Amino acid sequence: MTTSASPKFDADYVATLREVLDIAVEQIAIEHRTPATKAKMAETIVRSAAEGVTDASDLVSQAVAAGEGGAP
């Protein structure tokens with residue numbers, strides 16, 4: 001069995017990250033609220049969290065920045 005280098009998030013933390021995503025999505029233009037953009041924003045949140053960012057407002061800001069232009 002190989003171990004993953006990525007951090008393991010418990011269920012409560014995943015729920016918190018989901019809330020962060022929901023808050024961030026509400027802050028981008030409606031026309032950009034597509035599944036692709038939400039996935040891009042979620043990836044930004046998870047990567048930042050994995051790098052040690054724990055402040056919810058920082059995570060929201062980073063996700064909004066990633067999603068404000070939509071996804072290709």
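When its neighbours within four places in sequence are left aside, Ala24 is in contact (heavy atoms within 4.5 Å) with Met41, Val60, Ala63 and Val64. The model described here is predicted, so that local features need pLDDT of at least 70 and side-chain atom pairs count only at pLDDT 80 or more, whereas totals for chains, interfaces and linings use all residues. Residues are numbered from 1 along each chain as its sequence is written, and side-chain values use heavy atoms, with hydrogens and water left out.

Helices are DSSP runs of H or I with at least four residues, numbered from the N terminus.

Helix 3, which spans residues 56-67 and has 12 residues, reaches 16 Å from its first C-alpha to its last, close to the 16 Å expected at 1.5 Å a residue; the expected span is 1.5 Å times one less than the number of residues. Within helix 3, Leu59, Val60, Ala63, Val64, Ala66 and Gly67 are buried, a term for under 20% relative accessible area, with exposed meaning over 50% and partly exposed in between (1.4 Å probe, protein chains only).

In the segment after helix 3 lies Ala71, which counts as partly exposed at 28% relative accessibility. Apart from its neighbours within four places in sequence, Ala71 is in contact with Ala36, Thr37 and Lys40. Ala71 and Ala15 are 56 residues apart in sequence, and their C-alpha atoms are 24 Å apart in space.

The structure also holds 1 aromatic pair, for which the rings of Phe, Tyr and Trp (its six-membered ring) must have centres within 6.5 Å, planes under 30 degrees apart counting as stacked, over 60 as edge-to-face and the rest as tilted. The ring centres of Phe9 and Tyr13 are 5.1 Å apart and their planes stand at 55°, so the pair is tilted. Phe9 is partly exposed, at a relative accessible area of 26%, and Tyr13 is likewise partly exposed, at 25%.

How values were computed: Helix = DSSP H or I, 4+ residues; strand = E, 2+ residues; numbered from the N terminus.
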